[in-house]
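Me: I would like to go through this structure with you, one point at a time. Please keep the answers plain.

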Amino acid sequence: MSFELKGTLTDSAGNPLSNYTIKAFDKDPLIDLLGDDPLGSAVTLDDGTFKITFSKEDFKKPGEWWESVMNEPELYLKIIDKDGTT
């Protein structure tokens, strides 16, 4: 099964922000020893839009025993500007 995360990045006035990097993550439920699960990334287009595609397997790193059917995903995004600032 695959998923798509789509959006538009704008400033406070509603103007599109292009060439920003958007990174999607799934927050792990326990102590974060290996970091949260990276799901994918994209760069915003001229109109500020982006799309990140990922699969169910991306929610689990090798060796993670705590991922289960009952563990709901907790997605969050990191936005990185053209200068590399998060």
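Me: Let us start with Asn-19. Is Asn-19 buried, exposed or partly exposed?
Reply: Asn-19 is partly exposed, because its relative accessible area is 45%, a value between the 20% and 50% cut-offs. Please keep in mind that this is a predicted model.

Me: Where is Asn-19 placed?
Reply: Asn-19 lies in the loop between strand S1 (2–8) and S2.

Me: What about the phi of Asn-19?
Reply: Phi of Asn-19 is near 60 degrees, which is a positive value in a residue other than glycine. As background, most residues other than glycine have a negative phi.

Me: Since the model is predicted, what is the average pLDDT of the protein chain?
Reply: The average is 84, and 78% of the residues score at least 70. Confidence is highest in strand S4 (residues 49–55), at a mean of 95, and lowest in strand S3 (residues 37–43), at 92. Where pLDDT is low, the predicted coordinates should not be read in detail.

Me: How many helices and strands are there in the protein chain?
Reply: The protein chain has 0 helices and 5 strands. Read from the N terminus, the elements therefore run β-β-β-β-β.

Me: Which order do the strands of the open sheet have?
Reply: The open sheet has 3 strands in the order S3-S2-S5, and their pairing is antiparallel. S3 and strand S5 (75–80) are the edge strands, each pairing on one side only. From one strand to the next, the twist averages 20 degrees.

Me: How many bridges join S2 to S3?
Reply: Strand S2 (residues 21–26) and S3 are joined by 6 bridges and run antiparallel. S2 also pairs with S5 in the antiparallel sense, over 6 bridges.

Me: Which residues stand across from Phe-25?
Reply: In S3, the bridge partner of Phe-25 is Pro-38. In S5, Phe-25 stands opposite Tyr-76.

Me: And what is the bridge partner of Ala-24 in S3?
Reply: That partner is Gly-40. Gly-40 is also among the residues that Ala-24 touches, beyond those up to four places away in sequence.

Me: Which residues form the largest nonpolar core?
Reply: That core has 10 residues: Leu-9, Tyr-20, Ile-22, Ala-24, Leu-39, Ala-42, Phe-50, Ile-52, Phe-54 and Phe-59. At least two residues of this core come from each of S2, S3 and S4. S4 supplies the largest share, 3 residues.

Me: Let us stay with S4. Is Ser-55 buried or exposed?
Reply: Ser-55, in strand S4, is buried, because its relative accessible area is 19% and the cut-off for buried is under 20%.

Me: What is Ser-55 in contact with?
Reply: With its neighbours within four places in sequence left aside, Ser-55 is in contact with Met-1, Ser-2 and Phe-3. From Ser-55 to Gly-40 the C-alpha distance is 9.7 Å, and the two are 15 residues apart in sequence.

Me: Now to Asp-26. Why does Asp-26 count as buried?
Reply: Asp-26 counts as buried because its relative accessibility is 2%. Asp-26 belongs to strand S2. Between Asp-26 and Asp-58 there are 8.8 Å in space, C-alpha to C-alpha, and the two are 32 residues apart in sequence.

Me: Then Asp-83: is that residue buried or exposed?
Reply: Asp-83 is exposed, with a relative accessible area of 72%. Asp-83 is found in the segment after S5. The C-alpha atoms of Asp-83 and Tyr-20 are separated by 9.3 Å, although the two residues are 63 apart along the chain.

Me: Turning to the whole chain, what share of the residues is buried?
Reply: Buried residues make up 28% of the 86 residues in the protein chain. The accessible surface comes to about 5900 Å², with 55% of it belonging to carbon and sulfur atoms.

Me: And what share of the contacts joins residues 24 or more positions apart?
Reply: Such pairs account for 61% of the contacts in the protein chain that have a separation of 6 or more.

Methods
Residues numbered from 1 in each chain as written. Predicted model: local features only at pLDDT ≥ 70, side-chain atom pairs only at ≥ 80, totals over all residues. Heavy atoms only, no water. pLDDT = per-residue confidence, 0-100. Helix = DSSP H or I, 4+ residues; strand = E, 2+ residues; numbered from the N terminus. Pairing = 2+ DSSP bridges. Axes fitted to C-alpha atoms, helices over the stretch in contact; angles between N-to-C directions. Buried < 20%, exposed > 50% of the residue type's maximum accessible area, 1.4 Å probe, protein only. Contact = heavy atoms within 4.5 Å. Areas by Shrake-Rupley, 256 points an atom, 1.4 Å probe, with all protein chains shown as cover. Core = buried A, V, L, I, M, F, W, Y, C linked by side-chain atoms within 4.5 Å.
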